[in-house]
Amino acid sequence: MGDYDHKTIEPKWQRLWDQRRLFHAPRDDKRTKYYILPFLPYPSGDLHMGHMRNYTIGDAVARFQRARGLNVFHPIGWDAFGLPAENAAILNKTHPRTWTEQNTARMKEQLRRFGFSYDWEAELSTCEPEYYRWNQWFFLRMLEKGLAYRKKSRVNWCPQCQTVLANEQVVEGCCWRHEETPVEQRELEQWFLKTTHYAEELLTDLDKLSGGWPERIRLMQRNWIGKSEGARVEWAVAKSDKVITTFTTRLDTVYGAVALLLAPEHPLVDSLIAGVPGGAAIARKVEALRRQTRRAQVTGEVEKEGIFTGRFAVNPLSGEQAPLWVSNLVLMEYGTGAVQAVPAHDQRDFEFAKKYRLPIKVVVQPREGKPLNAARLKEAFLGHGRMVDSGPYTGMESEKALQKMTDDLAKKNQAERATLYRIKDWGISRQRYWGTPIPVVYCDACGVVPVPDEQLPVVLPLEIEFTGVGLSPLLNVPEFLNASCPKCGGKARRETDTMDTFVDSSWYFYRYLTPHENAAPFDKEIVRRWFPIDQYIGGAEHAVLHLIYLRFWTKMMRDLGLVEHDIPVARLFNQGMVIKDGAKMSKSRGNVVSTDEMVEKYGADTARLFTLFAAPPEKDMEWTQAGVEGCQRFLQRLYRLVAKHAARVREAPVAVPGNPGPQAAEVNPDERHLLRKAHQTVRRVTTDFEARWHFNTSIAAIMELVNELYLLEPLEEHVSPAVLNDVLRKTVLLTAPYAPHAAEELWEQLGNKQTVVETPWPSFDPELAKEELIEIVIQVNGRVRSRLRVSETLNKDELNERALADARVAALLKGQRIVKIVVVPRKLVNIVLAS
RNA sequence: GCGGAAGUGGCGGAACUGGCAGACGCACAGGAUUUAGGAUCCUGUGGCCGCAAGGCCGUGUGGGUUCGACUCCCACCUUCCGCACCA
């Protein structure tokens with residue numbers, strides 16, 4: 001019989017699954033497809049239990065759906081390019097490729113030891129030329145379509161990474177990897193992808209994702225895209241031929257504008273202050289404002305301030321002159337870098353006006369409450385209402401005035417409706433070695449020239465030296481740097497910037513289906529059959545980066561005619577974090593639980609089981625040693641039980657089509673009880689998988705079933721082999737998605753030749769699951785005073801009668817007047833007494 | 001400041017549609033087995049009062065709706081997360 005020994009069981013079944021290719025999903029198959037995958041992991045070196053939670057959840061679902069008869073595709077691969085590999089190269093003199101390969105091999109081994117049901121034949125690594133070649137190919141297509149372009153721009157520079165960061169990688173003014181390092185600003189020529197081209201579509205698609213993607217993620221993306229509708233309005237500068245364009249969503253308040261504010265970086269600032277008295281002093285102030293980092297401005301480390309330029313601008317509607325100020329209140333990055341200042345109706349303008357003693361002019365009166373008085377205003381009024389002091393618009397509703405003013409100005413070509421998005425184009429240039437080379441060359445004669453498709457891939461040279469200083473190390477590789485121009489054949493210099501690794505992760509899930517296809521990024525027909533992804537699983541930290549880029553990429557591919565759908569991912573699941581000692585499990589916090597140690601000491605099954613049992617998967621869970629031991633104890637308990645009885649029951653007849661298994665009529669009361677519990681458990685676990693993924697309650701239900709079995713020990717005295725066989729088989733099959741190795745071992749002991757993986761999910765009989773007698777609670781004034789065990793067919797009147805006849809209830813009713821009796825069939829009787 | 005999620009025993013959590021609060025697990029206590037310990041099996045375990053039967057209190061706080069509220073409504077407190085001059 002022996003004891004539960006995970007060390008022999010787990011490798012045994014892993015080998016067998018592997019040999020028999022049980023997790024390979026035939027791309028062409030009549031069964032319904034189910035495409036489930038975890039986020040692409042970065043090979044950072046070592047997996048800990050925090051990472052494993054993601055894979056454990058996905059694997060349980062994959063195994064369940066496979067048992068349900070679906071053709072499950074469950075791939076994994078490696079996000080193999082990126083900065084850490086290069087930083088490691090600088091520190092340890094290992095080549096990024098070597099470092100990456102070592103880490104990948106190590107993590108792959110760790111995943112294998114957990115027995116996840118991946119289709120390893122689909123494995124891919126983004127640093128392989130056969131993969132990144134297609135990044136380059138896509139880039140060229142986008143270049144042709146005008147979706148990729150180059151511009152000089154002020155970029156975020158992290159002095160730690162020595163590289164440019166995308167806006168998304170800047171967290172509160174600091175680097176997302178180095179939270180203590182403030183980001184600096186630099187001017188560089190950069191490659192951009194036009195994500196803004198799809199801003200509107202990316203926004204409206206969020207509605208279609210309702211139900212499939214978590215509300216939280218959709219909201220974050222909506223804020224990120226940040227649509228706002230308004231108008232661009234032209235203000236002439238007095239005594240000048242210059243015109244300043246503002247953007248506003250509240251043109252209705254324009255009569256209340258007491259100033260026009262310009263961002264310090266606004267291109268007209270220098271020429272406007274050039275000839276003005278005191279211009280030199282103003283210029284010095286502007287210079288000081290420009291030196292402030294955006295971080296300082298946003299976090300309020302520096303005060304909101306400004307300076308009057310000595311110039312005036314003409315209000316396009318009132319004709320009044322408004323003083324022109326330069327202020328760090330205004331951002332050059334958003335809108336036009338110029339805004340109307342309306343203190344009465346904008347809180348920021350209100351505070352600015354108070355500070356500089358600018359007048360305050362109310363032009364919209366609220367519909368309810370006291371009318372506003374400019375002199376006594378404590379804060380800006382942001383709502384809509386009735387227009388006052390606004391020339392011909394006075395008396396109108398402000399919403400109407402907004403439209404009318406825009407139309408009126410538009411007729412004079414002084415305004416146009418405009419929609420602005422907060423989302424920016426995606427800067428993909430990285431001054432780094434370990435990434436996809438951007439396939440263009442710079443020719444002295446022809447300028448920027450794309451590398452022709454036939455010359456792809458532009459291969460990253462492997463012979464390279466890392467000094468850790470300066471820009472890209474590729475600048476020191478003449479064989480790479482020096483190219484000939486594809487157009488004129490003359491001397492050209494190759495682009496040394498590489499692509500942001502978010503490019504790699506934007507489309508890898510298409511490549512999984514045909515990872516070695518070499519005529520195209522993927523097989524269109526196979527993709528058509530397998531998309532969208534049925535279930536994507538990963539952490540919420542990628543809510544606005546990866547998960548917007550991948551939607552962008554699909555839009556772009558749709559416009560290239562490569563795919564027909566708009567949304568690549570039908571359902572998204574965000575698992576919670578793993579907490580240890582009060583903090584998120586992470587290497588930097590030093591509170592990681594090693595997966596190797598877990599497998600060694602408790603086994604993968606125990607680790608997996610605990611991961612799912614400790615909390616529902618979307619919530620944070622706390623890792624505790626005692627909890628892990630409890631789960632191991634359960635597996636041992638199950639193992640001992642099955643092992644003890646296997647020999648006796650395995651020859652008994654088995655429920656198959658034609659023989660539905662033991663029925664109610666043929667069994668004794670103990671057996672009836674056990675069968676009922678078993679069928680109830682199958683129902684509970686099945687519905688938990690289908691509806692809400694609360695594996696903690698599923699596992700609790702299986703534990704209850706096992707407890708019932710123990711209470712009937714010695715089982716041979718109470719339960720026939722046929723019934724016991726049926727119940728044990730169900731128990732093992734239900735356990736399999738959570739603890740697949742132990743399940744296989746026990747399944748084999750029960751005399752099965754097929755693996756669990758090849759065995760259909762157990763079904764349940766609703767009739768057998770039904771309780772014969774149900775418990776009805778009798779309440780008096782809402783307090784439980786007694787209970788009845790009755791047949792569930794009893795109707796209201798019968799229940800009423802039985803409740804009043806109850807001895808304990810009758811005693812309480814003596815001398816009391818009954819006001820009302822509430823009867824809820826199958827639940828309770830509540831007798832309400834006069835007070 | 002704005003938006004979101006969440007607050008239940010000593011701990012992790014359960015209660016799915018307004019109907020028995022605390023499933024399951026941990027921890028703890030008692031018993032069986034054992035030379036002993038460990039392991040295993042069984043029993044108990046929200047608080048207070050009581051020998052017991054039983055009673056009272058109890059889901060962050062205060063109010064409300066209801067025969068009945070962890071669940072719905074209002075106000076507030078705490079924690080976590082996201083956004084944060086977006087004109």
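Colleague: How many helices and strands are there in chain A?
Modeller: Chain A has 27 helices and 32 strands. Helices (H or I, at least four residues) and strands (E, at least two) are DSSP runs, numbered from the N terminus.

Colleague: What should I know before reading on?
Modeller: This is a predicted model, where local features need pLDDT of at least 70 and side-chain atom pairs count only at pLDDT 80 or more, while totals for chains, interfaces and linings use all residues. Residues are numbered from 1 along each chain as its sequence is written, chains are lettered from A and ligands numbered from 1 in the order in which they are written, and side-chain values use heavy atoms, with hydrogens and water left out.

Colleague: Roughly what box do the C-alpha atoms of chain A fill?
Modeller: Roughly 105 × 85 × 45 Å, taken along the principal axes.

Colleague: And what domains does the assignment give?
Modeller: Domain 1 is 31-126 + 503-592, and domain 2 is 135-194 + 425-499. Then come domain 3 (227-421), domain 4 (641-769) and domain 5 (773-833). The bounds come from an automatic or database domain assignment.

Colleague: What separates the centres of domain 4 and domain 5?
Modeller: 37 Å, taken over C-alpha atoms.

Colleague: What share of chain A counts as buried?
Modeller: 54% of its 835 residues. Buried means under 20% relative accessible area, exposed means over 50%, and partly exposed is in between (1.4 Å probe, protein chains only).

Colleague: New topic. How many salt bridges does the count come to?
Modeller: 56. A salt bridge is a side-chain nitrogen of Lys or Arg within 4 Å of a carboxyl oxygen of Asp or Glu.

Colleague: Which residue does R21 pair with?
Modeller: R21 forms a salt bridge with E121, and the closest N and O atoms are 2.7 Å apart. R21 lies in the loop between α1 (6-19) and β1 (33-38), and E121 in the loop between α4 (96-113) and α5 (129-144), so the pair ties together parts that are 100 residues apart in sequence.

Colleague: Are those two buried or partly exposed?
Modeller: R21 is partly exposed, at 48% relative accessibility. E121 is partly exposed too, at 40%.

Colleague: What about E690, which partner does it have?
Modeller: E690 forms a salt bridge with R68, with the closest N and O atoms 2.9 Å apart. This pair links distant parts of the chain, 622 residues apart. E690 sits in helix α20 (residues 669-692), R68 in the loop between α2 (49-67) and β2 (71-73).

Colleague: Where are the partners R150 and E189?
Modeller: R150 is in strand β3 (residues 148-158) and E189 in strand β7 (residues 184-193), 39 residues apart. Their closest N and O atoms are 3.8 Å apart.

Colleague: Where is R376 found?
Modeller: In the loop between β14 (364-366) and β15 (385-387). R376 counts as exposed, at 64% relative accessibility.

Colleague: Last one: where is E772?
Modeller: E772 is in the loop between α25 (766-769) and β29 (773-780). E772 is exposed, with a relative accessible area of 51%. Its C-alpha atom is separated by 9.5 Å from that of R789, 17 residues apart along the chain.
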